[in-house]
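Hi,

Here is the structure I promised to pass on.

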Amino acid sequence: MCYKILVAPAVSQAAAISITNAGFENPTTGAGTFQVSAAPNGWSTYGTIDSLNNRVVGVLNPSSTTLYASGAAEGVNVGVVFLGDAGSGVESGLVQTLSATLSLNTRYVLTVAVGNITNDAQAPHNSFNFTGFPGYRVDFLAGGTVIASDNNSLLPSEGQFLTSTVDLSIGASHAQAGQALGIRLVNLDGVNGLEVNFDDLRLDASPIPEPATASLVLGAAALVGASCRRRRRWR
Ligand SMILES: [Ca+2]
Ligand SMILES: [Ca+2]
């Protein structure tokens, strides 16, 4: 008798990589208010952030406003990159270096909620014309070098978030292997819109079976199949 043996591929477990303040809930901010005096906890500024020119980063709590139809994508706050000199084309934003380092034979999936803020009739939001979208980029870094990006592939509707995904598989070698991972959230400062918001970052890493392991599994399956064929022939 020949028993069929199903060889299931090894289930690779995705593990979440820690991102500090991934939902921009720190600092705490009251409903309908924002804080742009400093980069949110865990984050640093990228590019030309200069409050004198009204180019600022921080957090916003859009609850009780019309800025977002359904509020924040996660929690109550969202990250803010506000570039008041709309149309300068001088991209800027937020960056964070993670404690995790780039591993070989690993698939990384980074997701970020990207928001297109809309107008609100209440002060102080009514001072700004948020109509339009200045464009965004999400960069995935290792050792300070960009290794993958989502360069403005999505256009959220006014007052809505969409989820940006950066999906990168690292093989058996990589120039930045072992170097610290990083994430950069960029406002491209296109002509309209002033502000891009970011929220709810997640980064998962899952092992990719090395070719040696994969061929061993395939070899075992082939051996089982050959054995079954031989036995059938003998009966
Ligand atoms: Ca949040
Ligand atoms: Ca807008």
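Which residue in S9 is the bridge partner of Val138? It's Asp150. Strands here are DSSP runs of E, at least two residues long, numbered from the N terminus.

Before going on: this is a predicted model, where local features need pLDDT of at least 70, side-chain atom pairs count only at pLDDT 80 or more, and totals for chains, interfaces and linings use all residues. Residues are numbered from 1 along each chain as its sequence is written, and chains are lettered from A and ligands numbered from 1 in the order in which they are written.

Back to S8 (residues 136-142): six bridges join it to S9, and the two run antiparallel. Strands count as paired if DSSP finds at least two bridges between them. Both belong to an open, antiparallel sheet of five strands, in the order S3-S6-S11-S8-S9. S3 (44-47) and S9 (145-151) are at the edges with a single partner strand each, so one side of each has no neighbour in the sheet.

S4 (55-60) has six of its six residues buried, meaning 20 or more other C-beta atoms, placed from the backbone, within 10 Å of a residue's own. S4 pairs with S5 over six antiparallel bridges, one of them putting Arg55 with Leu83. On S2 (residues 34-35), which two bridges join to S4, Gln35 stands opposite Val59.

Finally, Val112 is among the residues with the most contacts inside the largest nonpolar core, which has 49 residues. Such a core is a set of buried Ala, Val, Leu, Ile, Met, Phe, Trp, Tyr and Cys residues joined through C-beta atoms within 7 Å.

Cheers

Notes: Helix = DSSP H or I, 4+ residues; strand = E, 2+ residues; numbered from the N terminus. Buried ≥ 20, exposed ≤ 12 C-beta atoms within 10 Å, placed from the backbone.
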